[in-house]
Amino acid sequence: MKDSMIYRGLTLLGFLTLSHLVLSQSCKLLKGFRVHVLSRWWRKDLKKYGGWAVNNVGITFARKSTPFLSTPDLDKKLSDIVNCNMLSVLQMTRIVLPGMILRKKGVIINLSSEAGSRPYPYKTVYSCTKGFVDYFSRALNAECQRKGVTVQCVMPLLVSTNLTENMKTNILVKTAEDFTREALNTVGLTNRTSGCLSHAIQSYLLDKILPDALLSSSLLPPPDEEDQSKLGETTQPKNQREESQLPAVLRQREKS
Ligand SMILES: NC(=O)c1ccc[n+]([C@@H]2O[C@H](COP(=O)([O-])OP(=O)(O)OC[C@H]3O[C@@H](n4cnc5c(N)ncnc54)[C@H](OP(=O)(O)O)[C@@H]3O)[C@@H](O)[C@H]2O)c1
């Protein structure tokens with residue numbers, strides 16, 4: 001009797017869990033279908049938004065995946081990327097937002113990246129700056145929506161531009177024109193998007209292949225061990241190098 005009750009309870013729990021999973025995945029799929037497929041024909045009237053601002057400016061941190069301290073010219077690059085990828089977004093928003101709020105309409109589109117959706121090791125700084133754009137956009141959208149202003153965050157994967165050294169386009173890598181056309185169709189339908197169907201599917205799969213637990217673990221190997229061994233030579237500021245030599249100097253003194 002007791003056993004059969006436990007069995008029934010477990011069956012019900014399994015059924016509820018499965019239903020929840022199926023429902024949430026179906027909702028995701030339907031929303032994605034509306035945003036990326038139906039939006040080609042069933043578009044929002046973009047004119048009704050009035051003023052537009054696109055925070056597009058952005059730079060990468062290093063051409064290849066690199067451990068944080070192995071990035072050449074680290075000191076300057078840190079200031080450059082913070083100014084370009086983060087501060088410019090804040091300052092441009094500060095400039096355009098008051099007018100939009102006054103007119104009770106407007107759209108601000110902020111370019112983040114798939115790299116900003118989760119912390120990516122060896123793309124650490126770029127990933128963080130883009131994560132910043134994502135959080136800023138989501139919070140600001142919540143603040144501004146009732147004032148008639150929409151803030152959308154676009155998080156692409158690969159688009160062939162100067163930033164990606166105009167790489168060859170294919171089913172995964174979009175041309176800038178195609179990407180922009182598809183991304184504009186999503187305005188008014190979602191406030192956070194990969195921008196196009198191909199990137200939305202890639203983002204979904206990436207999330208399954210590279211779960212957060214794996215990304216945050218130490219299991220991912222460094223991209224280039226050689227870079228790490230040059231660490232002290234290339235990027236450590238002089239005073240830090242002297243500091244790291246200090247224990248040896250002290251040892252010598254103790255001996256003498
Ligand atoms: N391409 C991709 O695969 C990809 C993927 C994910 C996210 N994104 C993001 O999408 C946005 C656009 O990137 P993109 O691929 O179009 O790159 P892009 O072709 O290199 O364009 C970047 C833009 O930023 C401007 N810029 C760069 N540094 C600047 C500075 N210090 N001061 C003023 N302007 C500066 C560039 O101006 P100039 O033309 O004068 O150099 C250019 O107009 C970026 O925020 C990027 O992070 C791109």
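User: Is R63 buried or exposed, and what is its relative accessible area?

Analyst: This is a predicted model, so every value here is computed from predicted coordinates. The general idea is that a residue counts as exposed when its relative accessible area is over 50%. R63 is exposed, because its relative accessible area is 72%.

User: Which residue does R63 form a salt bridge with, and how far apart are the closest N and O atoms?

Analyst: Side chains of opposite charge can pair when their charged atoms come close. Here R63 forms a salt bridge with E165, and the closest N and O atoms of the two are 2.9 Å apart. R63 belongs to the loop between strand 1 (52-55) and helix 2 (74-103), while E165 belongs to the loop between strand 4 (159-160) and strand 5 (174-175), so the pair ties together parts that are 102 residues apart in sequence. E165 is exposed as well, with a relative accessible area of 53%.

User: How many salt bridges does the structure hold?

Analyst: The structure holds nine salt bridges. One of the pairs is R118 with D212, whose closest N and O atoms are 3.0 Å apart. R118 is placed in the loop between strand 2 (106-111) and helix 3 (124-144) and D212 in helix 6 (residues 212-215), so this pair ties together parts that are 94 residues apart in sequence. The two partners can also be read by accessibility: R118 is buried, at a relative accessible area of 8%, whereas D212 is partly exposed, at 44%.

User: Where do R181 and D178 lie, and how many residues apart are they?

Analyst: Both R181 and D178 lie in helix 4 (residues 176-185), three residues apart, which is about one turn of the helix. Their side chains meet in a salt bridge with an N to O distance of 3.1 Å. R181 is exposed, with a relative accessible area of 52%, and D178 counts as partly exposed at 31% relative accessibility.

User: Which residues are linked in a network of salt bridges?

Analyst: R40, K174 and E182 are linked in such a network.

User: How many aromatic pairs does the structure hold, and how should I read their geometry?

Analyst: There are two aromatic pairs in the structure. For the geometry, one looks at the angle between the ring planes, where under 30 degrees counts as stacked and over 60 as edge-to-face. The rings of Y49 and W52 have centres 6.3 Å apart and planes at 75°, so this pair is edge-to-face. Y49 is buried, with a relative accessible area of 9%, and W52 is partly exposed, with a relative accessible area of 34%. F132 and F136, on the other hand, form a stacked pair, with 6.4 Å from centre to centre and 5° between the planes. F132 and F136 are four residues apart in helix 3, and therefore separated by about one helical turn. F132 itself is partly exposed, at a relative accessible area of 26%.

User: How many residues surround the ligand, and which are the closest?

Analyst: The ligand is surrounded by 18 residues, and the closest are N56, Y126, L157, V159 and T161. By class, this shell has ten nonpolar, seven polar and one charged residues.

User: What lies 2.8 Å from an oxygen atom of the ligand?

Analyst: That is a polar side-chain atom of K130. Backbone atoms take part too: a polar backbone atom of V57 is 3.5 Å from an oxygen atom of the ligand, and a backbone N or O atom of N162 lies 3.5 Å from an oxygen atom of the ligand. On its own the ligand has 890 Å² of accessible area, of which the protein covers 59%.

User: Which phi value does D73 have, and where is D73 found?

Analyst: Most residues other than glycine have a negative phi. D73 has a positive phi of about 55° although it is not a glycine. D73 is found in the loop between strand 1 and helix 2, and is partly exposed, with a relative accessible area of 49%.

User: What is the phi of Y122, and in which loop is Y122 found?

Analyst: Y122, which is not a glycine, has a positive phi of about 70°. Y122 is found in the loop between strand 2 and helix 3, and counts as partly exposed at 21% relative accessibility.

Key: Residues are numbered from 1 along each chain as its sequence is written. This is a predicted model: local features need pLDDT of at least 70, side-chain atom pairs count only at pLDDT 80 or more; totals for chains, interfaces and linings use all residues. Side-chain values use heavy atoms; hydrogens and water are left out. A residue is near a molecule or strand if one of its heavy atoms lies within 4 Å of it. A polar contact is a pair of N or O atoms within 3.5 Å; within protein, one must be able to donate a hydrogen and the other to accept it, and residues adjacent in sequence count only if both atoms are side-chain atoms. Accessible areas come from the Shrake-Rupley method with a 1.4 Å probe; for residues, only the protein chains shown count as cover. Ala, Val, Leu, Ile, Met, Phe, Trp, Tyr, Cys and Pro count as nonpolar, Asp, Glu, Lys and Arg as charged, and the others, Gly among them, as polar. A salt bridge is a side-chain nitrogen of Lys or Arg within 4 Å of a carboxyl oxygen of Asp or Glu. Helices (H or I, at least four residues) and strands (E, at least two) are DSSP runs, numbered from the N terminus. Buried means under 20% relative accessible area, exposed over 50%, partly exposed in between (1.4 Å probe, protein chains only). Rings of Phe, Tyr and Trp (its six-membered ring) pair if their centres lie within 6.5 Å; planes under 30 degrees apart count as stacked, over 60 as edge-to-face and the rest as tilted.
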